[in-house]
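Please walk through this structure with the model open beside the text.

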Amino acid sequence: MEFELSSDQKLFLATARDFLDKEYPLDRIRRTGEEMVGFDRDWWARAAELGWTALLVPEELGGGSISGNGVRDLALLAEELGTGLAPGALLATNVVLAGLVAAHGTGPDHSEEIEALVTGEGIASWAVYEPGGQWNPLAPAVTASPLDGGGFRLDGTKDRVEAAGQADLLLVTAATPGGTAQFLVPAGADGVTVEPQWSLDLARKFGAVRFDGVEVAGSALVGRPGDARAVERQLQVALVVQCAEVCGGLVRMFDATLRWAFDRYAFGRPIASYQALKHRFADMRTWIEACQATTSAAAAAVQEETAEAAKLVSVAKAFVGDRSLTVLQDCVQIHGGIGVTWEHDLHLFLRRATADHSLYGTPDEHRRRVAGLAGL
């Protein structure tokens, strides 16, 4: 995202980049491969000390942003971390915090949980996906039945829950007689079962979570049943972070491919000098600029909570989701045989972009969402 940054923002991003390069270089992700079970909790606590979890939380609740524009700062951080495929709970925890902050004052108080997440003492994830069916966070199959004397009983299954095996809290969307509601459920509660799921992305782990008669108190409720504002806010933040991360990876792989094209010689000249590849590089750079522009516009709209925010985040997801795979596949092709080897970085970013293509709605689903918002 190319706009003028303040000195504080530049320092914030440089610190994050140095921290990630030192603690989780790409070689570590590639070396562990399928054996990687997640991320180190102590590492995440130190990341939280750097402000990674505080950007969307107002100061009165223990947070604070760098520039006063928390969503914009978070998007910048996500793009920076996307260049290194950060394995932590940046998206998962910040999405939950977005929902808790949006619902603050409209239901039970969750200030203690917010504080624990901001400090890195706790880790949370949004349990919203369900096996089968189309992506619709406002139509969950998991049920929350009211209990006599207060409280609710949760039954059903969620899958593709990021960091499910490491999360302390799960923000669960469920159907109640009063409409869709959300509940903060301890991952260790009776009746909660977490099963690891295979992930194409080597740097992130997901899990399926079963709720078998899980009883929670009324204080677990987040906001009010039937109030979709917090869910929409969470979705918008998730899409901004996701698209920004992908943009960071695209820039890194494009730059690496361009360097390779100038270093790789064929018939006595760099392959970058051939007209066909010049056109491909021009197309890729244009698409990357458009990915960054749509993501930046979405972040600004979400920050200001404008009426266009819902549409703009879907536009960003639809465009970035499709074009990111096109760009990365072109990078693989230009590298030739070396581009498909385990030792090269390209497959790590292609894995991340392919996984993100489907998470939080596919590009096709978001194009339909844009059409619906436009009344078509």
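**A buried tyrosine and its surroundings**

At 8% relative accessibility, Tyr-360 counts as buried. Buried means under 20% relative accessible area, exposed means over 50%, and partly exposed lies in between (1.4 Å probe, protein chains only). This is a predicted model, in which local features need pLDDT of at least 70 and side-chain atom pairs count only at pLDDT 80 or more, while totals for chains, interfaces and linings use all residues. Residues are numbered from 1 along each chain as its sequence is written, and side-chain values use heavy atoms, with hydrogens and water left out.

Tyr-360 sits in the loop between H10 and helix H11 (363–373). Helices (H or I, at least four residues) and strands (E, at least two) are DSSP runs, numbered from the N terminus. Tyr-360 is not a glycine, yet it has a positive phi of about 60 degrees. Phe-267 also is not a glycine and has a positive phi of about 60 degrees. Phe-267 lies in the loop between strand E9 (265–266) and strand E10 (269–270). Phe-267 is exposed, at a relative accessible area of 82%.

Now go back to H10. Eleven of its 13 residues are buried. Among them are Leu-348, Phe-349, Arg-352 and Asp-356. What span should the 13 residues of helix H10 have at 1.5 Å a residue? They should span 18 Å, and the end C-alpha atoms are 19 Å apart, which agrees. The expected span is 1.5 Å times one less than the number of residues.

Next come the charges. The whole structure holds 20 salt bridges. A salt bridge is a side-chain nitrogen of Lys or Arg within 4 Å of a carboxyl oxygen of Asp or Glu. One network of salt bridges links Asp-201, Arg-204, Glu-245, Arg-352 and Asp-356.

In another salt bridge, Lys-158 pairs with Glu-130, the closest N and O atoms being 2.9 Å apart. Lys-158 lies in strand E3 (residues 152–162) and Glu-130 in the loop between strand E1 (124–127) and strand E2 (143–146), so the pair ties together parts that are 28 residues apart in sequence. Both Lys-158 and Glu-130 are buried.

Arg-367 and Asp-364 meet in a salt bridge at 2.6 Å, N to O. They are three residues apart in helix H11, which puts about one helical turn between them. Arg-367 is partly exposed at 38% relative accessibility. Asp-364 is partly exposed too, with a relative accessible area of 44%.
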